[in-house]
Amino acid sequence: MPAHRALAITKNEFSVMLSKCKPPSGWPERIAVANSGGPDSTCLMFLLDQHLRDRSHSQKLISMTVDHDLQLASASMATECAKYAKQLGVKHISSKIVWGEHPYPLRPHNARLESVARSCRYYALLQMMKAADVKVIALGQHADDQVETALMRLGKGSTEYGAGGMRPCRRWGMGFDRPGTRSFYGQDGLNKWIIRPLLDVSKDRILTTCDENSLKYVTDKTNFQPEITLRNAIRHRLQNGQSWDSGSTLLPKNIATDMKAIADAAKHINIDLNAGPEHLYDSVKALTDQVNEIDHKVSAAIDACRAVSPPGTLLLRSVPLLKVDDHLVRTALVVRALRYVSFHPWGSIKADAHRRSSSIQQIVGRLWNPHPFANGIRVSNIKTPNSNDASNITKDMVVGWLASRQPPYNKNNPAAIDVKAIIEPDVTQALIQGIDKWQRDPNDHSSSVVEVLYDTRYLVHFDLAKIPVDVIEALNVPATRVVISPATAWYLPQVYLQTRNTTRLLHSDIELHRFLRTGFQTDTQYWTNRTKVVVSDWISIEWIRPLERL
């Protein structure tokens, strides 16, 4: 950091920073700030409150604090958060993690402390956001945090694209675990946004802003203990100017191993870890700026290459795809395609092929091959199915790669995957409970719709105000079930009513009728039992995974 005293953040500066974080859907009526009581969140809440008071009469700020209960000072720190919010006149909400009480696990030990605490914190914050009807939350991460995050990603094997640091604005995401767990957020996570206005600001400027405005904050001593977490170890080494060549003999083995992986990965992309914090900040900022530029190029490339394809798939035409010659753009395009079609939660590293460079580069090598048929490329054509070699290609065909969902499979333990529960869920009880609730209060329109997330990719809506009488009567028979079942190799959802003796298709439309009118055809094995579209006005099926960069 520079030797001279850092400057405080001005109102105008912060206004510019905040403008870079604007969600695509615009600014909502309420904005939350994650308030830990530390200097970063205290400074952020002060600046946000100041900005909204000066420029907006309609937007409201809400302070949200999670008491992790991991140290003796946790409760007092949460109390200080509430006091400061009250001092500013900001509404405050807090939530305490009760370890060992559902949905929280037992109190974590050092090796798992950071990851478990983070997942519980995000769960608690999301619950508070839902309860307060808040769609945007501001976090206080700054430039120093950005460096630490980028280095951690490099150490885990991320691509140069993946190591670009945190975004100033991104979707909350669907989580990073399977449905039904604490770390799975479902469709709620796709409608909420995280903003980070201070990413371009160094820690010393935040501290100066706090000092010059007499802002009181608490200091979490565990943030400076390198033996607790990898992030702490990185922070300790950077702040104390220790050489990355000196080893990490005093650290736990797992952290020492990760530190060495970071050093090796940094050398690979020519980042000098010993050149000082300012150099690292500039290097990571350059990576992050490069990522933003790449993202825009990927969006343009997808627009140029995309062809009509079944719901839940992405068809990229081969000829314009080959014109994408930037290797990083190719890599980012593959990651975006994988995230779009995956059955893993949107925004999780699993949906991004774990962001492993080696896995992604294998796909890149196959897609950008001037002789695609040598790699088994499939031809999706309008008039002539079953064309899988170059000799049958005609001008009226669309030749390209079709990205689609793969069958659920655990290569380490196939028996651990309950395929039926994943791709053929029984929604009978959800409908019965919904009908009972709605019939008790027909004027409550919010209770008239039951929503079911299917395969983490579709949202199935059941409008109980329109449900046919015969379906309600059938649901009163114990043996009757309503299930969502996949059709075709693309796992397109269909809704069935099953009785003891019959199975009746209730709904299969996913805007598919419009898709079929385009004339798309393919091998019959991919289209079995899918030519008929059945529509029920009380059921709708919505594809929810975004293809956008955020």
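**Helices, sheets and cysteines in a predicted model**

Thr 288 has its place in helix α9, which covers residues 277-305; helices here are DSSP runs of H or I with at least four residues, strands are runs of E with at least two, and both are numbered from the N terminus. This is a predicted model, in which local features need pLDDT of at least 70 and side-chain atom pairs count only at pLDDT 80 or more, while totals for chains, interfaces and linings use all residues. Residues are numbered from 1 along each chain as its sequence is written, and side-chain values use heavy atoms, with hydrogens and water left out.

With a relative accessibility of 11%, Thr 288 counts as buried, a word that stands for under 20% relative accessible area, against over 50% for exposed and partly exposed in between, with a 1.4 Å probe and protein chains only. When neighbours within four places in sequence are left aside, Thr 288 is in contact with Gln 146, Gly 164, Gly 165 and Met 166, where contact means heavy atoms within 4.5 Å.

Helix α9 also packs against helix α11 (residues 327-341), at an angle of about 70 degrees and with the axes 9 Å apart. Axes are lines fitted to C-alpha atoms, for helices over the stretch in contact, and angles run from 0 to 180 degrees between N-to-C directions. The helices α9 and α11 are therefore roughly perpendicular to each other, given that angles of 65 to 115 degrees are classed in this way, those under 35 as roughly parallel, those over 145 as roughly antiparallel and the rest as oblique. On the side of α9 the contact is made by Gln 290, Ile 294, Asp 295, Lys 297, Val 298, Ser 299, Ala 301 and Ile 302, and on the side of α11 by Leu 328, Val 329, Ala 332, Leu 333 and Arg 336.

Six strands form an open sheet with mixed pairing, in the order β3-β2-β1-β4-β6-β5; two strands pair if DSSP finds at least two bridges between them. Strands β3 (91-96) and β5 (169-171) stand at the edges with a single partner strand each, so one side of each is left without a neighbour in the sheet. From one strand to the next, the twist averages 25 degrees. Helix α3 (residues 74-88) lies across β2 (60-67) and β3, and runs at about 170 degrees to β2.

Cys 21 is placed in the loop between α1 (11-19) and β1, and Cys 21 is buried, with a relative accessible area of 1%. Although Cys 21 and Ile 194 are 173 residues apart in sequence, their C-alpha atoms are 8.8 Å apart in space. Not counting residues up to four places away in sequence, Cys 21 touches Trp 27, Pro 168, Cys 169, Ile 195, Arg 196 and Pro 197.

Cys 169 is itself buried, at 5% relative accessibility. A search of the whole structure finds zero disulfides. Cys 210 is likewise in no disulfide, with the nearest cysteine sulfur, that of Cys 43, 4.9 Å away, and Cys 210 is buried with a relative accessible area of 0%.

Six bridges join β11 to strand β12 (residues 458-463) in an antiparallel arrangement, with Tyr 454 opposite Tyr 458. The hairpin of β11 and β12 has three residues between the strands, and in this hairpin Asp 455 takes a positive phi near 65 degrees.

Finally, an open sheet of three strands has the order β13-β14-β15 with antiparallel pairing, and its edge strands, β13 (481-487) and β15 (503-507), each pair on one side only. The twist here averages 40 degrees from one strand to the next. Seven bridges join β13 to β14 (residues 492-498), and Ala 487 has Leu 492 of β14 as its bridge partner.

Note on methods
Disulfide = S-S within 2.5 Å.
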